[in-house]
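Biologist: Can you put the model up and walk me through it? I would like to start with the overall layout.

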Amino acid sequence: MGRPPGFDRTKVMQAVERRFRRTGYAATSVDDIAKAGGLGRGSLYAAFGDKNSLYLQTLSAYCERNEATWAAVLQGPDATALERLRTYLARSAHFVHDDPDGLGCMVTGFVVDGVDHDPQARERVRQALRKIEDLLTECVQAAQRHGDLAPEAAATEIGQLLMAVNRGMEVLARAGFDAVNLERVADQAFRGLPLAARARSAQEDTALSGG
């Protein structure tokens, strides 16, 4: 099968990305990739290079999109920083369940699968994780400036903790935990933050009112 009329590079990459996310790098063959992208092997190699090259391209595109998504959630004014952290946890609880195929994060998949085929891919994953960590740390610092989180708390450690909760909930979702259980995990993680007295009181009032 050759390159189809109206070949759309972006759509092919997105389809191949989902294939990699579904079965992982090692278990995805060139034939699997060609079938997912609707291309013949010759056209696939001509357009994207070999399997490793295509994996790196799809991984990079996924990381850019994922970073932009979380930046939109976590960046903003100090006054709403604490609520943005809650939103991060809530979305983390639904990340896998909201995907029509129940797919997880490609970055997590890279780490869990122990892929070691390309130092460029390893470095791109590290960059992606550092970017999310930085976004979370900055959001925690914003909440501290606004007086919602204890100022003496270590912002970087809180950011790393929230990122660990995010990755853990993804693994649990893929293992069969339903969204309701993961929502409870997200709520507990949020309540475990070093909330300042004012913020803790406001959260308790909201819970009592059923909000």
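Predicted model: local features only at pLDDT ≥ 70, side-chain atom pairs only at ≥ 80, totals over all residues.

Biologist: Fine. How many helices and strands are in the protein?

Modeller: The secondary structure comes to ten helices and zero strands. Read along the sequence, the pattern is α-α-α-α-α-α-α-α-α-α.

Biologist: What does the C-alpha trace span along its principal axes?

Modeller: About 65 × 30 × 30 Å.

Biologist: And how much of the protein is buried?

Modeller: Of the 211 residues, 44% are buried. As for contacts, take those with a separation of 6 or more: 70% of them join residues 24 or more positions apart.

Biologist: Let's do helix pairs. At what angle do helix 1 and helix 2 pack?

Modeller: Helix 1, residues 9–23, and helix 2, residues 30–37, pack at about 135°, and their axes are 8 Å apart. An angle over 145 degrees would be needed for roughly antiparallel, so helix 1 and helix 2 count as oblique to each other. Helix 1 passes helix 2 in a right-handed crossing.

Biologist: Which residues make the contact?

Modeller: From helix 1, Val 12, Ala 15, Val 16, Arg 19 and Phe 20; from helix 2, Asp 32, Ile 33, Ala 36 and Gly 37. By class, that contact has six nonpolar, one polar and two charged residues.

Biologist: What about helix 3 and helix 4, at what angle do they pack?

Modeller: The angle between helix 3 (residues 41–48) and helix 4 (residues 51–74) is about 55°, with the axes 9 Å apart. Helix 3 and helix 4 are therefore oblique to each other as well. Helix 3 passes helix 4 in a left-handed crossing. Leu 44, Tyr 45 and Phe 48 of helix 3 meet Lys 51, Ser 53, Leu 54 and Gln 57 of helix 4. That contact has four nonpolar, two polar and one charged residues.

Biologist: One more pair. Helix 8 and helix 9, how do their axes cross?

Modeller: They cross at roughly 165° and come within 11 Å. That makes helix 8 roughly antiparallel to helix 9, since the angle is over 145 degrees. Helix 8 passes helix 9 in a right-handed crossing.

Biologist: Which residues are in that contact?

Modeller: Val 165, Met 169, Leu 172 and Ala 173 come from helix 8, and Leu 182, Val 185, Ala 186 and Ala 189 from helix 9. They divide into eight nonpolar, no polar and no charged.

Biologist: Now the inside. How many residues has the largest nonpolar core?

Modeller: It has 35 residues. Those with the most contacts inside this core are Leu 74, Leu 85, Tyr 88, Leu 89, Leu 136, Leu 149 and Leu 162. The elements giving two or more residues to the core are helix 4, helix 5 (81–94), helix 7 (119–145), helix 8 (155–174) and helix 9 (179–191). Apart from it lies another core of 25 residues, including Ile 33, Leu 39, Leu 59 and Val 107.

Biologist: Why would nonpolar residues gather like that?

Modeller: In soluble globular proteins, nonpolar side chains tend to be buried together.

Biologist: Back to Leu 149. What is it in contact with, leaving aside neighbours within four places in sequence?

Modeller: Leu 149 is in contact with Leu 82, Leu 85, Val 140, Ala 143, Gln 144, Leu 193, Pro 194, Leu 195 and Ala 196.

Biologist: Switching to loops. Where does Gln 75 lie?

Modeller: Gln 75 lies in the loop between helix 4 and helix 5. Its relative accessible area is 47%, so Gln 75 counts as partly exposed. Not counting residues up to four places away in sequence, Gln 75 touches Arg 84 and Leu 135. Gln 75 and Leu 136 are 61 residues apart along the chain, and their C-alpha atoms are separated by 8.9 Å.

Biologist: And where is Ala 154?

Modeller: Ala 154 is in the loop between helix 7 and helix 8. At 33% relative accessibility, Ala 154 is partly exposed. Its C-alpha atom is separated by 9.1 Å from that of Val 140, 14 residues apart along the chain.

Biologist: Last one. Which helix holds Asp 31?

Modeller: Asp 31 is found in helix 2. Asp 31 is partly exposed, with a relative accessible area of 45%. The C-alpha atoms of Asp 31 and Thr 58, 27 residues apart along the chain, are separated by 17 Å.

Key
Residues numbered from 1 in each chain as written. Heavy atoms only, no water. Axes fitted to C-alpha atoms, helices over the stretch in contact; angles between N-to-C directions. Helix = DSSP H or I, 4+ residues; strand = E, 2+ residues; numbered from the N terminus. Parallel < 35°, antiparallel > 145°, perpendicular 65-115°, else oblique. Left-handed = near helix turned anticlockwise from the far one by under 90°. Contact = heavy atoms within 4.5 Å. Nonpolar A, V, L, I, M, F, W, Y, C, P; charged D, E, K, R; others polar. Core = buried A, V, L, I, M, F, W, Y, C linked by side-chain atoms within 4.5 Å. Buried < 20%, exposed > 50% of the residue type's maximum accessible area, 1.4 Å probe, protein only.
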